[in-house]
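Subject: Structure handover and notes

Dear colleague,

I am passing on the structure we spoke about, and I would be glad if you read the notes below alongside it.

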Amino acid sequence: MKFNLIDIEHWSRKPYFEHYLNSVRCTYSMTTNIDITNLLNDIKLKKLKLYPTLIYIIATVVNSHKEFRTCFDENGNLGYWDSMSPSYTIFHKENETFSSIWTEYHESFSYFYRGYLDDMENYEGIMKFAPKLNEPANTFPVSSIPWVSFTGFNLNVYNDGKYLIPIFTMGKYFEQNNKIFIPISIQVHHAVCDGYHISRFINEVQELSLNTQEWLRHK
């Protein structure tokens, strides 16, 4: 997968990037409740699982906008990936640990879903932190806390403050006013992502959750 270098000197975002990376190094998070009433009904009819379906929705929006695919490569160069795939957690009840595995993203939901099922069959029972080897550099993290609904969630990443890739966390869905909602938190770096971008992300996730006809029509 191609990593496209960014020419910072001719980048319209340069002053914002440098300010939030160097002067006021800043990450932030936002949590919102996504209406999944229609989505739950549709996937139940098709006997599909919710977790991979939501991962697909998140990955689809990530791949629709460059700011969520912008990061530093292994040599410290700034750029963005043509495409990114989700790296997600799965829980082991036996010893109360989890594993992180990844599934290659594909625009076709059915193709991605089959890949998810294959990965679960191969790695779900292996109780290691990363049982699927050779994870590519173009992945982003997704996790789930399905035991509790939350109104806010924040991760504290203790590194050099240059982790630019977004991090997504889902909670337990709940019923309110005859609708079903699920809390989803997104953590981003202000150097590459402003309030406008995170708001657009949330709105597009909601849109895909409400209108499944186009992308969920084939199992």
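This is a predicted model: local features need pLDDT of at least 70, side-chain atom pairs count only at pLDDT 80 or more; totals for chains, interfaces and linings use all residues.

In the unreviewed UniProt entry, the label "active site" is attached to His-190, and in the model His-190 sits in the loop that runs between β10 (179-189) and α5 (195-210). His-190 has a relative accessibility of 16%, and because the cut-off for buried is under 20%, His-190 counts as buried. Leaving aside residues up to four places away in sequence, His-190 is in contact with Arg-13, Tyr-20, Cys-26, Thr-27 and Tyr-28.

How many disulfides does a search of the whole structure find? The search returns zero, and the distances between sulfurs show why for two of the residues: the sulfur of Cys-71 has its closest cysteine sulfur in Cys-193, at 14 Å, which is too far for a bond, while the sulfur of Cys-193 has its closest cysteine sulfur in Cys-26, at 11 Å, again too far for a bond. For comparison, the cut-off for a disulfide is a pair of cysteine sulfur atoms within 2.5 Å. Both residues are shielded from solvent by the burial criterion, with Cys-71 buried at 5% relative accessibility and Cys-193 buried at 1%.

Helix α2, which spans residues 37-45, has Thr-37, Leu-39, Leu-40 and Ile-43 as buried residues. Viewed down the axis of α2, these buried residues fall within an arc of 165°, and they therefore line one face of the helix. The elements covering the buried residues of α2 include β2 (27-35), α3 (50-62), β10 and α5. Just after α2, Lys-47 adopts a positive phi of about 60°.

As for the strands, there is an open sheet of three, ordered β1-β4-β3 and paired in the antiparallel sense. Its edges are formed by β1 (3-5) and β3 (70-72), each of which has a single partner strand, so that one side of each is left without a neighbour in the sheet. From one strand to the next, the twist in this sheet averages 45°. Between β1 and β4 (residues 78-81), which run antiparallel, there are three bridges, and Phe-3 has Trp-81 in β4 as its bridge partner.

Finally, I would point you to the loop between β7 and β8, where Phe-150 is located. Is Phe-150 buried or exposed? With a relative accessible area of 12%, Phe-150 is buried, and its contacts, not counting residues up to four places away in sequence, are Thr-31, Ile-145, Thr-169, Met-170, Gly-171, Pro-183 and Ser-185. The C-alpha atom of Phe-150 is separated by 22 Å from that of Phe-140, although the two residues are 10 residues apart along the chain.

Methods: Residues are numbered from 1 along each chain as its sequence is written. Side-chain values use heavy atoms; hydrogens and water are left out. Buried means under 20% relative accessible area, exposed over 50%, partly exposed in between (1.4 Å probe, protein chains only). UniProt positions are given in the numbering used here, feature names are shortened, and annotations may be inferred rather than shown by experiment. Helices (H or I, at least four residues) and strands (E, at least two) are DSSP runs, numbered from the N terminus. Contact means heavy atoms within 4.5 Å. Two strands pair if DSSP finds at least two bridges between them. Axes are lines fitted to C-alpha atoms, for helices over the stretch in contact, and angles run from 0 to 180 degrees between N-to-C directions. The arc is that of the directions from the helix axis to the C-beta atoms.
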